[in-house]
Amino acid sequence: MIARMRPGQQHFKRRWRVAVMALGLLLSACGVNNVVVEGNFPTPNIARLPLTVAVYYDDALRDYAYVEYSETGQEEYNIESGISHIRLFDAVLPAMFDNVVLINDLEEAAQLGVDAVFAPAIEEFQLALPAKTKLDVYEVWIKYNMRLLTSEGDYIADWVLTSYGKTPTSTFGSVEAGINDAAIVALRDLASSFSLSFGQVPEVRDWLSARGIRS
Amino acid sequence: MNAMMKSVFAKFAAVMVLVLLASCTSTTVDEFRRAETGIESHESVVILGRRQASDYETRSEFVKCVGERMTRGDNAIAVVPEQEFIDAMFPWFEPRTAPLRTQDLEQLMVEDVVAAKMNEFGIRYIVWVDGFTETTDRAGSISCTIGPGGGGCFGFGTWEDDANFDARVWDVGTLTNVGTINTDATGQSYLPALVVPIPLIARVEANACNRLAAQLKQFVNGS
């Protein structure tokens with residue numbers, strides 16, 4: 001004999017399912033949204049400098065993450081861009097110098113006898129979301145401290161570089177995709193300004209000139 | 001009751017037909033030619049969007065649409081995809097570094113690698129597309145409700161879209177601006193809702209794309 005539910009029981013079960021679904025939806029709206037910036041970067045078409053350069057990515061760069069807060073002070077988006085920055089420099093630096101070597105600490109550079117050590121650092125990250133600015137674009141600003149050192153760790157040049165990226169909103173696009181696209185545009189902007197302006201930084205220009213290299 | 005329902009439906013259908021006919025787009029194209037043009041079968045065109053403005057950006061979908069339309073039909077032209085060109089030319093055509101005037105292009109072409117890449121693609125003309133679609137004159141309202149017995153929307157909404165785009169054509173051979181084409185498409189969209197919303201969207205950007213692409217094709221071919 002098949003047991004059948006009474007109408008009252010069926011109605012209760014249906015309401016319970018709706019309540020569980022609504023609770024699930026509510027919970028999914030809470031909590032921080034994670035964005036891991038991902039993208040591909042083309043190799044710059046520029047003349048290489050005849051140098052062997054070691055590159056050092058410290059932990060602050062590798063693990064860099066920016067947290068965007070809502071107007072009520074709650075964490076809204078956690079944007080991880082460390083890995084994408086490393087991918088960017090890995091694409092750009094070999095196109096700028098004859099040889100590029102990755103080092104895990106600054107002491108290694110003296111042993112390798114490289115011409116210079118490049119150690120980039122992210123100083124600041126800013127994000128503008130359409131929901132807050134009332135514009136139809138996502139915007140990312142990043143401020144960098146670029147450091148060039150000798151293999152012994154002495155200072156050659158230390159300069160600030162900023163990059164900017166924006167991307168328009170799209171009808172069916174997610175906020176996370178908009179943030180990622182704007183961040184990638186900002187990273188490409190960094191690559192273009194860094195690769196083209198490297199030899200124009202006064203201390204770098206003087207250092208290259210002393211080595212008989214025209215920038 | 002049946003007759004009443006039929007009468008309501010007939011009136012609704014009549015209103016829909018009127019609205020459908022009214023939600024069209026009007027497009028104006030202006031061309032200003034500064035020099036003669038023409039293109040060989042082995043040469044190509046690249047269409048790039050201007051992205052230097054702070055408050056808007058020329059959408060890559062529109063640029064892609066124009067490029068695709070130019071490769072179709074009679075007197076089709078070979079068009080290099082925008083992203084492929086920008087990536088191949090990196091970092092010379094990024095928003096920060098892209099040439100703003102033909103004099104800047106002249107300086108850029110001094111770089112051997114840039115000149116070599118242009119030659120490799122067979123680029124004869126660079127077309128810079130600049131513009132955006134703006135929504136104005138919103139009116140009406142729609143309210144939707146849902147209850148145990150079902151749900152639906154009731155109301156009426158309307159808005160006007162204006163797609164205004166400029167296309168500047170640079171001749172890579174002579175390093176000059178050979179002309180400008182402006183396209184302005186406006187259209188009224190409607191969203192009546194009788195239980196179910198019925199969108200009647202004026203396809204202004206699609207019309208602007210088609211007209212601009214057709215005019216560019218004619219212009220580049222020298223006719």
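Let me start in chain A, with helix α3 (residues 82-96) and helix α6 (residues 175-197), which pack at an angle of about 25° with their axes 10 Å apart. Since angles under 35 degrees count as roughly parallel, α3(A) is therefore roughly parallel to α6(A), and the crossing in which α3(A) passes α6(A) is right-handed. Please keep in mind throughout that what we are looking at is a predicted model, with an ipTM of 0.81 and a pTM of 0.83.

Which residues make this packing? On the α3(A) side they are A:Ser84, A:His85, A:Leu88, A:Phe89, A:Val92, A:Leu93 and A:Met96, and these meet A:Leu187, A:Leu190, A:Ala191, A:Phe194 and A:Ser195 in α6(A). By residue class, the contact of α3(A) with α6(A) divides into nine nonpolar and three polar residues, with no charged ones.

As for the chain around this pair, chain A has seven helices and eight strands, and 44% of its 215 residues count as buried. If we take the contacts in chain A between residues at least 6 apart in sequence, 70% of them join residues at least 24 apart.

Turning now to chain B, the average pLDDT is 89, and 93% of the residues score at least 70. Here the pair I would like to show is helix α2 (residues 60-70) and helix α6 (residues 204-221) of chain B, whose axes come within 8 Å and cross at roughly 45°. From α2(B) the contact draws on B:Phe62, B:Cys65, B:Val66, B:Arg69 and B:Met70, while α6(B) supplies B:Glu205, B:Ala208, B:Cys209, B:Asn210, B:Leu212, B:Ala213, B:Leu216 and B:Lys217. In this contact of α2(B) with α6(B), nine residues are nonpolar, one is polar and three are charged.

Finally, I would like to look at one residue, B:Phe90, which is found in the loop between α3 (82-88) and α4 (102-108) of chain B. Is B:Phe90 buried or exposed? With a relative accessible area of 1%, B:Phe90 is buried, because the cut-off for that class is under 20%. Leaving aside residues up to four places away in sequence, B:Phe90 touches A:Pro42, A:Thr43, A:Pro44, A:Asn45, A:Arg188, A:Ala191 and A:Ser192. Within chain B, the C-alpha atoms of B:Phe90 and B:Val114, which are 24 residues apart along the chain, are separated by 9.4 Å.

Note on methods: Residues numbered from 1 in each chain as written. Chains lettered and ligands numbered in written order. Predicted model: local features only at pLDDT ≥ 70, side-chain atom pairs only at ≥ 80, totals over all residues. Heavy atoms only, no water. Axes fitted to C-alpha atoms, helices over the stretch in contact; angles between N-to-C directions. Helix = DSSP H or I, 4+ residues; strand = E, 2+ residues; numbered from the N terminus. Contact = heavy atoms within 4.5 Å. Nonpolar A, V, L, I, M, F, W, Y, C, P; charged D, E, K, R; others polar. pLDDT = per-residue confidence, 0-100. Buried < 20%, exposed > 50% of the residue type's maximum accessible area, 1.4 Å probe, protein only. Parallel < 35°, antiparallel > 145°, perpendicular 65-115°, else oblique. Left-handed = near helix turned anticlockwise from the far one by under 90°.
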